[in-house]
Structures are given as structure tokens and as C-alpha cells.
Amino acid sequence: MRRHIPLTSLACLTMLTLAACGGGDADPAAYPEDDITMVVPFSAGGPTDTVARLIAEPMAEELGADIVVQNVEGAGGTIAGGQVADADADGYEVLIHHIGMSTAPGLYPDLAYDPLEDFKTVGLVTDVPMTIVARPDFEPETLEDLVSYVEENADTVTLANAGVGAASQLCGLLIEQAVGVDLTEVPYDGTGPAMTDLMGGQVDFMCDQTTNTASQLQAGKIKGYAVTTPEPVEALPDLPTTAEAGLPDVQVGVWHGLYVPADTPDEIVEKLTAALEVALEDQNVVDQMATLGTTPVPAEDVTPEAHTAKLEEQIDLWTPIIEESGVTGG
Ligand code: MLT
């Protein structure tokens with residue numbers, strides 16, 4: 001005998017099923033039905049914000065929903081990480097983050113989230129070269145000069161970054177370790193505002209990504225010493241690599257990826273990954289990234305599997321280096 005299930009019970013059963021799948025009341029098949037928030041862990045106008053806004057437009061077009069970029073600053077990007085880890089797992093809050101996702105566990109003993117357990121990866125985005133740059137009137141002319149100057153003036157030189165956990169802070173740490181000094185660090189909520197002070201001469205030097213430094217270097221508004229990549233950066237042909245200029249241990253690439261809360265339905269993740277793939281093949285994105293000294297990752301890396309493998313490998317790489325340094329974010 002067929003057992004008639006009253007509609008109300010069927011509706012409850014559906015809602016319970018959806019809730020159990022962590023999808024809240026989102027219907028993965030109908031997703032997206034509302035604006036999506038892309039959370040950027042640093043200030044507007046900085047490199048992470050630049051990458052976010054580059055991919056948000058073509059992703060929104062592919063998804064058929066607006067993507068609103070939200071800057072959530074603080075604690076080297078970990079405030080934003082905690083916000084998205086705790087967000088509804090419905091695909092309407094996406095985190096863009098970079099290498100800082102892999103350094104946070106070593107820097108923050110009480111980190112509010114586990115990068116591997118509390119998120120699903122969506123796919124890798126781009127691996128941005130880092131540059132070592134200075135205020136326009138800073139005395140050192142070359143990286144070799146900078147090393148000598150920093151050694152002789154360690155108690156007065158100021159080094160800007162975007163807080164403990166930022167890529168700029170990690171690169172600065174590598175410089176301090178390579179030169180054997182402990183400099184006065186000046187933290188900002190992003191290297192957007194740090195760049196403003198660097199150009200104004202309020203701080204001496206910093207590491208920052210080509211997505212924020214290329215145009216200022218090409219305009220002669222700041223001084224450049226090197227790129228931290230194994231190979232020179234085509235958009236900045238006058239800059240040697242750190243290896244060529246005598247600091248081979250200062251090598252770091254600022255890889256970026258997209259994340260959603262761990263319980264987000266796979267069908268929603270698949271739609272976000274597909275939209276990211278389309279965005280990274282968009283000719284305007286490719287051209288803009290080239291101007292900014294970077295490129296989209298290859299198509300085979302725009303997958304959750306490749307992204308998770310990168311995150312695991314980077315956590316394993318940086319955690320002992322950071323623990324050895326004794327630096328913590330609190
Ligand atoms: C950093 O890690 O230094 C950040 O990417 C800076 C920023 O995006 O503002």
C-alpha cells in the first residue's frame with residue numbers, strides 16, 4: 001500500500017535534507033539566485049583587491065549574478081578567513097586569499113579556523129611575483145646597496161607590510177633572515193595604503209606584489225631593487241631576480257585561490273570553479289594581468305584538487321620556517 005506523505009512533511013524532509021547537506025536553504029540547482037560577496041582580506045586598492053576585482057566581473061557574467069567585493073581587513077588577512085569559515089555554506093560568500101592562507105597556521109597558534117578543514121577550495125587563480133621596492137629618495141640604488149644600508153642602519157630603517165600573515169610580511173621576514181637583522185616593521189591593513197606612505201616617503205621600503213607595484217615602478221614613483229621570482233618579470237625588465245642580485249634565499253611567489261565554507265554543496269563549488277575557469281580565459285583578464293606582471297594559472301590548476309594540493313604543500317613548506325623564526329601574529 002502506498003503510504004501518503006503529507007506535503008508539509010515532504011517539505012520538512014526536503015529542508016532537513018538540504019540543511020544536512022550544509023546548504024542552508026540554498027538550492028544548489030538554482031544557485032545563484034542572489035548577489036555573491038567576494039571577501040578580500042586586505043584594503044581596497046591593494047594587490048589582492050586588484051586580483052579580486054579583475055576576476056569578479058567575468059565570473060559574475062558567467063554565473064548570472066552580481067559579485068560584490070567586500071574588503072575585510074585586519075590581522076594579516078585572518079579576520080576575513082574567520083568570517084568566511086563561519087559564513088553560511090550557500091555559495092554566497094567566497095574568500096579570495098593568497099599564500100597567507102598557508103602561513104597563518106604557523107603565525108597564529110590560536111587561529112580561528114583550519115585552512116584545510118573549514119573550507120572547500122574552488123581553484124587557483126594566479127601566482128603573482130613579489131618585488132622589493134622603496135620610497136623614491138631612498139639612498140640605496142641596488143639590492144646589494146640595500147643589503148649594506150640595512151646592515152648599517154638596522155635600528156632606523158622602516159619596513160612596511162600588511163600585517164603578520166600578509167605576503168608582504170613573509171617576504172620581509174625572508175629579507176630580515178637573509179641579511180641577519182631585525183627591522184622596525186610598519187603594519188598596514190593592506191599594501192594599498194602602505195604604497196601611499198612609501199610614495200610619500202613616510203616609510204623606507206617593502207615587499208609588494210607586481211599587481212600593486214608595476215605601474216608605480218614604470219612611472220618612476222618608487223624605487224625597485226628586484227623581483228623574488230626565479231625568472232625576471234617581463235613587465236619589469238630592469239629588475240634583476242633576488243638570486244641574480246645576491247639574495248637567493250629571498251624567493252616567494254604569491255599564489256591566490258578562492259575558498260568557500262567547508263559544508264558548501266559540491267554542485268555550488270562546481271559552478272564557482274567553472275566561472276573561475278571562464279574568467280581566467282577572458283582576454284581582458286589575461287591582458288590586464290600581463291600589464292600587472294602576472295598570468296592566470298594554467299587551466300589544470302583551476303580545480304579544487306590542484307588548489308588543495310598547493311595549500312597542503314605550502315602549509316608544510318612555510319610552517320617550520322615560520323616556527324623557526326619565532327614570529328607570531330598573537
Ligand atoms: C599582502 O599579503 O601583503 C597583501 O596582499 C597586501 C594587500 O593585498 O593589500
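Student: What makes the link of Cys171 and Cys207 left-handed?

Tutor: In this predicted model, the angle about the S-S bond is -60°, and with that value the link of Cys171 and Cys207 is left-handed.

Student: How do you know that Cys171 and Cys207 form a disulfide?

Tutor: Their sulfur atoms are 2.1 Å apart. The cut-off is a pair of cysteine sulfur atoms within 2.5 Å, so the pair qualifies. A search of the whole structure finds 1 disulfide. The pair links distant parts of the chain, with Cys171 in helix α6 (residues 167–179) and Cys207 in strand β7 (residues 205–209), 36 residues apart.

Student: Why is Cys171 called buried?

Tutor: Buried means under 20% relative accessible area. Cys171 has a value of 0%, so it counts as buried. For Cys207 the relative accessibility is 0%, and the conclusion is again buried.

Student: Which domains does the assignment give for the protein chain?

Tutor: The domain assignment gives domain 1 as 7–128 + 255–325 and domain 2 as 129–227. Taken over C-alpha atoms, the centres of domain 1 and domain 2 are separated by 28 Å. Their contact takes 27 residues from domain 1 and 25 residues from domain 2.

Student: What is the area buried between domain 1 and domain 2?

Tutor: The size of an interface is often given as the accessible area lost when the parts come together. Between domain 1 and domain 2 that area is about 1,900 Å², with carbon and sulfur atoms giving 64% of it. On the side of domain 1, Pro47, Val128 and Leu292 lose the most area to domain 2, together 27% of what that side buries.

Student: Which elements give two or more residues to the side of domain 1 that touches domain 2?

Tutor: They are α2 (47–63), α4 (100–107), β4 (119–134) and α11 (304–325).

Student: How many salt bridges and polar contacts are counted between domain 1 and domain 2?

Tutor: The count of salt bridges between domain 1 and domain 2 is 0. The count of residue pairs in polar contact, both at pLDDT 80 or more, is 5.

Student: Why is α4 described as largely enclosed by the rest of the structure?

Tutor: Of the 8 residues of α4, 7 are buried, so the helix is largely enclosed. The buried residues are Gly100, Met101, Ser102, Thr103, Ala104, Gly106 and Leu107. They pack against α3 (78–85), β3 (93–97), β4, α6, β9 (253–261) and α11.

Student: Why is the pairing of Asp266 and Lys120 called a salt bridge?

Tutor: A side-chain nitrogen of Lys or Arg has to lie within 4 Å of a carboxyl oxygen of Asp or Glu. For Asp266 and Lys120 the N to O distance is 2.7 Å, so the pair meets the rule. By this rule the count comes to 5 salt bridges.

Student: Where in the chain do Asp266 and Lys120 lie?

Tutor: Asp266 is in helix α9 (residues 266–281) and Lys120 is in strand β4, 146 residues apart, so the pair links distant parts of the chain.

Student: What does the salt bridge of Lys223 and Glu141 tie together?

Tutor: Lys223 lies in strand β8 (residues 223–227) and Glu141 in the loop between β4 and α5 (143–152), so the pair ties together parts that are 82 residues apart in sequence. The side chains meet at 2.8 Å, N to O. Lys223 counts as buried at 12% relative accessibility, whereas Glu141 counts as exposed at 51%.

Student: Which residues do salt bridges that share partners join into one network?

Tutor: That network consists of Arg135, Asp137 and Asp204.

Definitions and conventions:
Residues are numbered from 1 along each chain as its sequence is written. This is a predicted model: local features need pLDDT of at least 70, side-chain atom pairs count only at pLDDT 80 or more; totals for chains, interfaces and linings use all residues. Side-chain values use heavy atoms; hydrogens and water are left out. Helices (H or I, at least four residues) and strands (E, at least two) are DSSP runs, numbered from the N terminus. Buried means under 20% relative accessible area, exposed over 50%, partly exposed in between (1.4 Å probe, protein chains only). Domain bounds come from an automatic or database domain assignment. Contact means heavy atoms within 4.5 Å. Buried area is the accessible area (1.4 Å probe) that two parts lose on being put together, summed over both. A polar contact is a pair of N or O atoms within 3.5 Å; within protein, one must be able to donate a hydrogen and the other to accept it, and residues adjacent in sequence count only if both atoms are side-chain atoms.
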